[in-house]
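Thank you all for coming. I would like to walk you through one structure this morning, beginning with a term that we will need along the way.

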Amino acid sequence: MRTFEKFPANKECPICNTNENVECVLIPMVDVNHNPSDLNYKAEIFHLKCIELWYDVKLNVLYQKFKKAEVQE
């Protein structure tokens with residue numbers, strides 16, 4: 001996974017909702033219309049320090065645990 005030293009000033013990390021200028025990474029977005037062999041895809045930028053990945057051995061899946069989001073009505 002390639003990381004970048006500077007976080008873009010015009011973006012916010014989806015996890016912490018800040019644009020702190022620290023090391024970051026682009027994570028591809030899941031899209032039902034995306035062809036896996038196509039190298040063009042949408043991605044979201046995250047602070048590397050905000051990512052806490054877990055590995056589910058049974059499902060063979062990496063995932064991120066988030067705090068419970070507030071329900072918006």
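When I call a residue buried, I mean that its relative accessible area is under 20%, while exposed means over 50%, and partly exposed covers what lies in between. Please keep in mind that this is a predicted model.

Let me begin with the chain as a whole, which has 73 residues, 14% of them counted as buried. Its secondary structure comes to 5 strands and 0 helices. The accessible surface is about 6800 Å², and carbon and sulfur atoms account for 53% of that area. Among the contacts with a separation of 6 or more, 34% are between residues 24 or more positions apart.

Now to charged pairs: searching the whole structure turns up 1 salt bridge. Here Lys 49 pairs with Glu 20, and their closest N and O atoms are 2.8 Å apart. Because Lys 49 sits in the loop between strand 3 (43-47) and strand 4 (53-56), whereas Glu 20 sits in the loop between strand 1 (3-4) and strand 2 (24-28), the pair ties together parts that are 29 residues apart in sequence.

Finally, let us turn to Gln 64, which belongs to strand 5, residues 61-64. The side chain of Gln 64 reaches the backbone nitrogen of Glu 52 at 2.7 Å. Beyond its neighbours within four places in sequence, Gln 64 is in contact with Ile 15, Cys 50, Ile 51, Glu 52 and Leu 53.

Notes. Residues are numbered from 1 along each chain as its sequence is written. This is a predicted model: local features need pLDDT of at least 70, side-chain atom pairs count only at pLDDT 80 or more; totals for chains, interfaces and linings use all residues. Side-chain values use heavy atoms; hydrogens and water are left out. Helices (H or I, at least four residues) and strands (E, at least two) are DSSP runs, numbered from the N terminus. Buried means under 20% relative accessible area, exposed over 50%, partly exposed in between (1.4 Å probe, protein chains only). Contact means heavy atoms within 4.5 Å. Accessible areas come from the Shrake-Rupley method with a 1.4 Å probe; for residues, only the protein chains shown count as cover. A polar contact is a pair of N or O atoms within 3.5 Å; within protein, one must be able to donate a hydrogen and the other to accept it, and residues adjacent in sequence count only if both atoms are side-chain atoms. A salt bridge is a side-chain nitrogen of Lys or Arg within 4 Å of a carboxyl oxygen of Asp or Glu.
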